[in-house]
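Hello,

Here is the structure I promised to pass on to you.

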Amino acid sequence: DKYWAAVMIPDQSKAISTSFLHQVQNGRDVYQTDYLAKDAIIIQPGATGQYQDLLFAGAKVVETVQTTGEKYKIAKFDLMIDWGWFEFITKPMFYLLDFLNGIVGNFGIAILIATVLVKLAVFPLANKSYASMSKMKKLQPQMEALRERYKDDKPRMQQELMQLYQKEKINPMGGCLPILVQ
């Protein structure tokens, strides 16, 4: 489930064989997962034996999932939390918000602070973008004149526009690329 999990965890030090089955029954998806210890437990007469499994059932709280996985040495246990395709952004943002929430004690204020911090982090890019757009705006009359002069000769018009950009030291993509990163 997206927010909750019930997980049977076999002994991590023992070899197991596993199977996974998915079927559609009466229009519903039905899943079955099995695991079986590969090594038999041999118990002599009068002796006892045991095999210990773990059960995790509860909310997918990041800290709980991480500490449980580390405590019981469960490989990839933290992958039960789906951060999405943009995990490289969503996971650090979660930790930032969680950290700020721990400081200010209010999640709404933490979101506002995180927004300001992100804006400050991308300010150099935004500033570069605004500067490039401002230069392009100042060149607009010259660009229009070139377009009018070479309206029937598109390759020549592109060549003249590129010379104008080089002369004025303007990158035509300088206003777009920083916005894309933001």
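Let me begin with a pair of helices: H5 crosses H6 in a right-handed sense (right-handed if the near helix is turned clockwise from the far one by less than a right angle, left-handed if anticlockwise). Please keep in mind that this is a predicted model, where local features need pLDDT of at least 70 and side-chain atom pairs count only at pLDDT 80 or more, while totals for chains, interfaces and linings use all residues. Residues are numbered from 1 along each chain as its sequence is written, and side-chain values use heavy atoms, with hydrogens and water left out.

H5 covers residues 140-149 and H6 residues 154-168, and they pack at about 160 degrees with axes 9 Å apart. Helices here are DSSP runs of H or I, at least four residues, numbered from the N terminus; axes are lines fitted to C-alpha atoms over the stretch in contact, and angles run from 0 to 180 degrees between N-to-C directions. The two are therefore roughly antiparallel (angles over 145 degrees; under 35 is roughly parallel, 65 to 115 roughly perpendicular and the rest oblique). From H5, Gln 142, Met 143, Leu 146 and Arg 147 meet Met 157, Glu 160, Leu 161, Leu 164 and Tyr 165 of H6, contact being heavy atoms within 4.5 Å. That contact has six nonpolar residues, one polar and two charged (Ala, Val, Leu, Ile, Met, Phe, Trp, Tyr, Cys and Pro are nonpolar; Asp, Glu, Lys and Arg charged; the others, Gly among them, polar).

H2 (residues 87-104) and H3 (residues 107-121) pack at about 125 degrees, axes 8 Å apart, and are therefore oblique. Their contact divides into 13 nonpolar residues, one polar and no charged.

Now the spaces. The largest pocket has a volume of about 320 Å³; of its 13 lining residues, Lys 2, Tyr 3, Lys 60, Ile 81 and Asp 82 are the closest to its centre. There is one cavity of 30 Å³ or more; the largest cavity holds about 40 Å³ and is lined by Val 62, Gln 66, Asp 78, Ile 81, Trp 83 and Lys 91.

For your own grids: on a 1 Å grid over the protein atoms alone, a cavity is a set of points where a 1.4 Å probe fits but cannot get out, a pocket is an open set with protein on both sides within 12 Å along at least five of seven lines, and lining residues have an atom within 4 Å of a point. Points are joined across faces, edges and corners, and a volume is the space filled by probe spheres set on them.

Best wishes
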